[in-house]
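Trainee: I would like to go through a model and learn how to read its ligand sites. Where do we start?

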Amino acid sequence: MKILLTGALGQIGSELAVKLRNLYGNDNIVLTDLRDDVNLDIIEGGPFIKTDSRDGKTLHEIIKKYRIERIYHLAALLSATSEKNPQTAWDINVNSLLTVLEIAREEGCSLFTPSSIGAFGPSSPKDYTPQDTIQRPTSMYGVTKVAGELLCDYYHHKYGVDTRGVRFPGIISNATPPGGGTTDYAVHIYYEAVKNRRYTCFLRGDTNLDMIYMPDALKAAVEIMEADPAKLRHRNAFNITAMSFCPEDQAGYIRAHIPEFEIDYDIDPVRQAIANSWPNSLEDYAARVEWGWSPDYDLESMTEDMLKVLTEKNRKGEI
Ligand code: NAD
Ligand code: AKB
């Protein structure tokens, strides 16, 4: 299987690249990103090309040259960055997806594109938000994510492109820092707990959001693409979740390992407004039934693992 990964140096891409290389072989995974100044070990571990995912001509040449069969399209702006640059967010999140869909259609590639809990809005049901429900997001990020879900559906129905995707919750990881989202606090809190024993949170302590640990997010990205297409009814926007919690809950689990840990709050109104418009928790029955989705980590086991890994990195002076 020959795979192209866009946005390969980001929070998800940098870890998905390693997982895909382990599964399918280093030379079969072609990485692209707008930048080439981070994650040098990943850049040097196999084919990497610096390119803008809106540049369809270059992407098309890469896909032909490497005989790409599957695309993971991760290049995008996250919610907080999108809210600061809404027009650029539309350009990158929607226009680059359309470019990639066209190439997938012409070259017969399958395509994974992630949507997000940000595809829901204040009028969506707040708790156990169903798979199919009202989607009227109020952030530009959400608008681009709903547009992306619909575009992928359209290319599947009209042209038969094998498009698939999930609505990721906030992803927590310890390799590459998150890239400008509303859920970034849930990663920063672990780094600060290990380094400084305290954290100032930009969301209110009672803000509940869905989250997932990176190993489960990577598992989902691989398993949905390997699933039997005959069983997929919701192709492009499967709700998935592993846990729902608020900053106060997370601080409590951290204190089980670091009793002196303290949290205080300096609320960012933009990110708080985005978080308030998102679900408290998702219902992910369709993913469980249609392709066997099931997470391995909950808040307790993720916290234990995050603190273990980051404590070791701190000891070595890596963070
Ligand atoms: P990230 O910001 O960490 O990484 C995105 C990468 O895309 C960066 O390396 C960036 O340089 C690159 N990029 C941006 N614009 C580009 C362009 N025009 N051309 C080429 N590369 C470009 O993001 P991430 O967290 O890895 O997210 C990847 C995807 O997953 C996005 O679609 C995002 O909306 C989705 N998602 C992420 C989360 C999360 O919590 N991380 C949750 C839900 C959905
Ligand atoms: C963000 O906060 O923008 C992302 C997401 C949940 O889509 N982490």
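Mentor: Start with the term polar contact: a pair of N or O atoms within 3.5 Å. Keep in mind that this model is predicted.

Trainee: Which polar side-chain atom lies 2.5 Å from an oxygen atom of ligand 2?

Mentor: That atom belongs to Ser 79. Taken alone, ligand 2 exposes 250 Å², and the protein buries 93% of that.

Trainee: Which residues surround ligand 2?

Mentor: A residue counts here if one of its heavy atoms lies within 4 Å of the ligand. The shell includes Leu 78, Ile 117, Tyr 141, Gly 170, Gly 181, Thr 183 and Trp 278. By class, this shell has 4 nonpolar and 6 polar residues, with no charged ones.

Trainee: How many residues surround ligand 1?

Mentor: There are 27, and the closest are Gln 11, Asp 33, Ser 53, Tyr 141 and Ile 171. Sorted by class, the shell of ligand 1 holds 13 nonpolar, 9 polar and 5 charged residues. Tyr 141 is also listed around ligand 2.

Trainee: Which side chain has an N or O atom 2.6 Å from an oxygen atom of ligand 1?

Mentor: The side chain of Asp 33 does. From the backbone, a polar atom of Gln 11 is 2.8 Å from an oxygen atom of ligand 1, and an N or O atom of Gly 10 lies 3.2 Å from an oxygen atom of that ligand. Ligand 1 alone exposes 830 Å², of which the protein buries 94%.

Trainee: What kind of space does ligand 1 take, and what about ligand 2?

Mentor: The space taken by ligand 1 is the largest pocket. Helix H1 (11-24), strand S6 (115-116), helix H6 (140-159) and strand S9 (170-172) each give two or more residues to the shell around ligand 1. The space taken by ligand 2 is likewise the largest pocket.

Trainee: Why are Glu 61 and Lys 57 separated by about one helical turn?

Mentor: Because they are 4 residues apart in helix H3 (residues 56-65).

Definitions and conventions:
Residues numbered from 1 in each chain as written. Chains lettered and ligands numbered in written order. Predicted model: local features only at pLDDT ≥ 70, side-chain atom pairs only at ≥ 80, totals over all residues. Heavy atoms only, no water. Polar contact = N/O pair within 3.5 Å; in protein donor to acceptor, adjacent residues only side chain to side chain. Areas by Shrake-Rupley, 256 points an atom, 1.4 Å probe, with all protein chains shown as cover. 1 Å grid on protein atoms, 1.4 Å probe; cavity = no way out; pocket = protein on both sides within 12 Å on 5 of 7 lines; lining within 4 Å. Sits in = over half its atoms within 2 Å of the grid points. Nonpolar A, V, L, I, M, F, W, Y, C, P; charged D, E, K, R; others polar.
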